[in-house]
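Dear colleague,

Here is the structure that I promised to hand over to you. Please keep it open beside this message, and read my notes below with it in view.

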Amino acid sequence: MPSASFSSSRTFRRSKRKGSNRNNSDAYEPPNCQNIPAPSVGTAPGPSVANSSTNPDTSNPTTSNGSNPTIPNTSSASTASSSVLATTTSVSSSETLPSNSSGCSSSASCHHSPYDLRKKSPMACNSENWLGCAGTSTSTTTSSTCTSGSQQSSTTSSHNHHHYSTSSNSNANYDYLPARKRPRRTYSSTETSTTMSAAHYLQYEMPDEVLLTIFSYLMEQDLCRVSLVCKRFQTIANDCELWKRLYQSVYEYDLPLFNPEPCKFLFMKVEDCEFSNPWKESFRQLYRGIHVRPNYQDRKYQGRNISYFNTVQAAFDYADERNAANNIASAPQIGAGMSNVNGSNLSVNISPGSPTNDDNMSVLDSPGSLIFLHAGIYRGEFLVIDSDITLIGAAPGNVAESIVLERESESTVMFVEGAKNAYIGHMTLKFSPEITSTVPHHKHYCLEVGENCSPTIDHCIIRSTSVVGAAVCVNGVGANPYIKFCDISDCENVGLYVTDYAQGTYEHNEISRNALAGIWVKNFASPIMRENHIHHGRDVGIFTFDNGMGYFEKNDIHNNRIAGFEVKAGANPTVVKCEIHHGQTGGIYVHENGLGQFIENRIHSNNFAGVWITSNSNPTIRKNEIYNGHQGGVYIFGEGRGLIEHNNIYGNALAGIQIRTTSDPIVRHNKIHHGQHGGIYVHEKGQGLIEENEVYANTLAGVWITTGSTPVLRRNRIHSGKQVGVYFYDNGHGKLEDNDIFNHLYSGVQIRTGSNPIIRGNKIWGGQNGGVLVYNGGLGVLEQNEIFDNAMAGVWIKTDSNPTLKRNKIYDGRDGGICIFNGGKGVLEENDIFRNTQAGVLISTQSHPVLRRNRIFDGLAAGVEITNNATATLEYNQIFNNKFGGLCLASGVQPIIRGANKIFNNHDEVEKAVSGGQCLYKISSYTSFPMHDFYRCHTCNTTDRNAICVNCIKICHQGHDVEFIRHDRFFCDCGAGTLSNQCSLQGEPTQDTDTLYDSAAPMESQTKENW
Ligand SMILES: [Zn+2]
Ligand SMILES: [Zn+2]
Ligand SMILES: [Zn+2]
């Protein structure tokens, strides 16, 4: 800092300098200013007293000093301390002052010691040039520092910010000494010769609080002038409270408002500001403004040159004239009527760390006029804005609510070509056409942005009672507004309408409770909309149609009466990270050739489907969370298409994805789970390519395919459902390839009623029931599947079904390999059927399959059993190494044998047991049904349900009335102990289980129509 010329001549404590003194006991006592009357500068100058600074009760140092405990409370010693205030003169000296930071223990201390010159903020306004009263010699500037936080917000003025310790050396500072320890002022010999004039007294001896009081009567220009007198004056003239009152008298805001760049205004809390005096800085930045303040323009003060007008129009006219004049003369000043005595610019230099000169962004660089609109209702103002005008509301409290611009017949505010950096902010805009008016208002709006303009609309409340059109209309090529923090609500029409190639950025707006859509986008308009809150509309939330485009990010869209987001007729929006929820119909509705990219949205809790796609629409739905819908997750119908990829779809009341009526989407890599209905439901000629999804834990079928549908499902994982894995019924077709289907409560795959799918290369395992169930006329080709570890039959063919099974591996079943019952047919070719607990192939009850070139081996019971009036055609099968026997035929069964079947190396343990005199029960227990001769004993049981093995008949029922029934599958009731006699061969009684096998019919899920 070039501050040497202001170094102090005083000599005391010069050993403590440059921050070396950390002794807290050396603190100065700050002066007390408790009872200084402060004028209210909001009115004409006069000695009115601000109550806020006269309350002695608030002088408690524990509150006022806060974190600066080294400054004692001196409320009772103000007069004593005032005479010894550390003040400095402009007397030159090579000495620097002792420095001290005991009162400011950290970098944050600049908020504690307001006039600590050493703590100059880099953001300080270092030049008074903005007010036109700069002294060019003031190369060193001083920043006073506001107290922070609660200290500043307090108006009690009991604070240490009335302690004016000034220093000419920016690196030096005085200690705060208690009064009794403070050395008396001693002047050097050169000073003692100075005349103790009035000026001297004023400059050096006048107590700070008195000076402060005097200064409080000054306006901004004079304040800046006196700050040029000396360092002490400068410090005191920078008092935060002084400037706060000045600022609020002119601008009325509760907080400092900053204008860091054109079209950008920010309110900041004082404690969040980096400016040493936020009020003064704000004052400075806004000073170029002119004011619309009705009944105020006659009040002119000395020391102030601010223009006031009664109407917006008058202010506009004035601004236009002045701008025109400036353009002609290339005058360097656009100060709002402010004289600028030394010709320097009105600096709005506010960038942190910027140089102290005013070469930075001067007003000249921010063209356009700044107009403050003070509280009031402004009707009939004609606001067609075609220049870079800045119009901002000015009021305490909620600013926007206090300023109302209202019109009844034409658009309230219109921006047209030329309004490039125009700004309108912090006010209410109303369009209120009379209900009885016959004038059509559909071409009029509350806010209208036309071609080739890019205004900023900020923090406005926008209301329209027109029942047609929209509240806000942005239309035409080059319409590119920035609309932010606006509240567009309760309008009797559309909230925001963007059309005809318009663009613009729309952020943080509240758009709610409008009678029509919250937002319309059409005809190649392409807005950027971020973080808007669009809710409780009486129509759709956002409606893009007729080739509307746009980018929509992080909007919260909810509780709209129709869909949250609608896309129609060639519209192609991008919707990212939005939350679309609690709609009274669906979440996203894409129809009539709609497109769009929907990425990473959260779509939930809607009354209808989360996403609807229909009528040749083809959107991309990626990485969304689609959950808790009151109906389905994604619903594609009426020739809908779409790419549905990487979504997490769960907890919906109906199907996670529903594909219907010749729709043909691509569904990939989704997780579809925990639905209260099925996972994927394809019906009414639905199609679709469904790949690599994980479908699990759904209440009904994982995938349902029905009524002429032909989807292709590849490489999906379908598991852990509470019913069937994949369910084909009522002419459900399609391809099921390379899927993992496991751990279902019902069958892994179920085919019925005319369904004829191709099922190839799947793994079907771990079911609590069968692997595949084909029944009620089901068809299908099952090729090269692995079917294993199911609790019941690997494949069950029943009731007039006729599937083809080729080259499947059916193994490790906890029951039979393939069971064919009740008139089942089927062609079984080249399958390997092995290691199953029951028969490799069991053919029963009027069934008649064809078995060709199968290998049936290593079974834990028989290889092939045929019983109950069934038959079979057997060609070139190999049946070997099975425990009970190879081919076991019940009485009367006569299969058609063509070609040589090889039946070998079977263990025939049934025959061995009988030969050894054992009861058959010993090898079967009640869990399997060896085939052998069975008898009935009329003596022991007259029903036809008992079956007794030949050895028990011989031994246990010797002499009884017995009858040979036939050769068939049974277990011995005598050995099982279910008869009245005691079995001599087996003995141990067990429960009646003779119907176990047949009674465990496969569970068949029912269809549940829902749409
Ligand atoms: Zn027996
Ligand atoms: Zn008997
Ligand atoms: Zn017996």
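Strand 25 and strand 28 (residues 565–568) pair in the parallel sense, over four bridges, where two strands are said to pair if DSSP finds at least two bridges between them, and where strands (E, at least two residues) and helices (H or I, at least four residues) are DSSP runs numbered from the N terminus. In this pairing, I542 stands opposite F565 in strand 28. Strand 25 also pairs in the parallel sense with strand 22 (residues 519–522), again over four bridges, and there I519 is the residue that stands opposite I542. Along strand 25 (residues 542–545), I542 and T544 point one way while F543 and F545 point the other way, and all are buried; buried means under 20% relative accessible area, exposed means over 50%, and partly exposed lies in between (1.4 Å probe, protein chains only).

Before going further, please bear in mind that this is a predicted model, in which local features need pLDDT of at least 70 and side-chain atom pairs count only at pLDDT 80 or more, while totals for chains, interfaces and linings use all residues. Residues are numbered from 1 along each chain as its sequence is written, chains are lettered from A and ligands numbered from 1 in the order in which they are written, and side-chain values use heavy atoms, with hydrogens and water left out.

The zinc sites come next. C949 counts as buried because its relative accessibility is 1%, and C972 is buried with a relative accessible area of 0%.

The zinc ion (ligand 3) is 4.2 Å from the zinc ion (ligand 1), and C952 coordinates both. Its coordinating atoms are the SG atoms of C952, C956, C974 and C983, at 2.2 to 2.4 Å. Around the zinc ion (ligand 3) the four donor atoms subtend angles of 103 to 115 degrees, which makes the arrangement tetrahedral. Along the chain, the donors of the zinc ion (ligand 3) follow the spacing C-x3-C-x17-C-x8-C. Both C956 and C983 are buried.

The zinc ion (ligand 2) has C937 (SG), C940 (SG), H957 (ND1) and H960 (ND1) as its protein donors, lying 2.0 to 2.2 Å from it. Its four donor atoms subtend angles of 98 to 121 degrees, which makes this arrangement tetrahedral. C937 lies in strand 73 (residues 931–937) and H957 in the loop between helix 15 and strand 75, so the pair ties together parts that are 20 residues apart in sequence. C937 and H957 are both buried.

Technical notes
Donors = N, O, S within 2.8 Å, 3.2 Å for Na, K, Ca; no water. Tetrahedral: all angles 85-135°; square planar, octahedral: opposite > 155°, others 65-115°.
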